[in-house]
Amino acid sequence: MSTKLVVVAGNIGTGKTSLTERLGARLGWRTSFESVADNPYLADFYSDMHLWSFHLQIFFLGHRAQQHLELARAPHSAIADRSIYEDANIFARALYHMGNLSERDYRSYRKVFDMVTAGLPRPDLLLYLQAPVPVLMARIGQRGRAIEQGITADYLALLESFYAEWMQTFDLCPVLTIRTDDLD
């Protein structure tokens, strides 16, 4: 049996980590998660988004590219919580839209992103998780991460609109959309 690489995508609070943990355990697959604890830019980013946005996006690009390559080349199937493709199409785009990334930095980031991702093996499946913004806000509040307490419904709605546009053009692999508003 050939190995598979599945990536999980979706807005903040949709259940990506929970699904990744459960599927990985159930299938005996390697799991990989978003870099939060070992991210040297995250705290600075949340204290001054305008100053640290470019640095954070470059860190995530390098981290996720390495993660994607390691998972794709591994001898076992794997599932990753968050995809490298979301960085540019959702998060960097949102930072640019909100004025936290200059046009020059955004264009430079996109150029490097396009070059890096052009050389990556395609995932076998993208699991796209969706839930309404009020559900996301409740989940974010329940998990109580201090770093997420400044997230607003407007920001989540902006991200959701970018996800909707991205899903209309994403064609690297099949996409399975899963509504998670009724799932715990």
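Predicted model: local features only at pLDDT ≥ 70, side-chain atom pairs only at ≥ 80, totals over all residues.
**View 1. Thr20 sits in helix 1 (residues 16-27).** Helices here are DSSP runs of H or I with at least four residues, strands are E runs of at least two, and both are numbered from the N terminus. Thr20 is buried, with a relative accessible area of 0% (buried means under 20%, exposed over 50%, partly exposed in between, using a 1.4 Å probe and protein chains only).

**View 2. Who touches Thr20?** Leaving out residues up to four places away in sequence, Thr20 contacts Val8, Thr31, Ser32, Phe33, Ile79, Ala80 and Asp81; contact means heavy atoms within 4.5 Å. Take Ile79: 59 residues separate it from Thr20 in sequence, yet the C-alpha to C-alpha distance is 6.3 Å.

**View 3. The largest cavity holds about 50 Å³ of space.** Searching the whole structure turns up one cavity of 30 Å³ or more. A cavity is a set of points, on a 1 Å grid over the protein atoms alone, where a 1.4 Å probe fits but cannot get out, and lining residues have an atom within 4 Å of a point. Points are joined across faces, edges and corners, and the volume is the space filled by probe spheres set on them.

**View 4. Helix 3 gives the largest share of that cavity's lining, four residues.** Strand 1 (5-10) and helix 3 (49-73) each supply at least two. Among the lining residues are Leu5, Val7, Arg64 and Ala80.

**Notes.** Residues are numbered from 1 along each chain as its sequence is written. Local features need pLDDT of at least 70, side-chain atom pairs count only at pLDDT 80 or more, totals for chains, interfaces and linings use all residues, and side-chain values use heavy atoms, without hydrogens and water.

Note on methods
1 Å grid on protein atoms, 1.4 Å probe; cavity = no way out; pocket = protein on both sides within 12 Å on 5 of 7 lines; lining within 4 Å.
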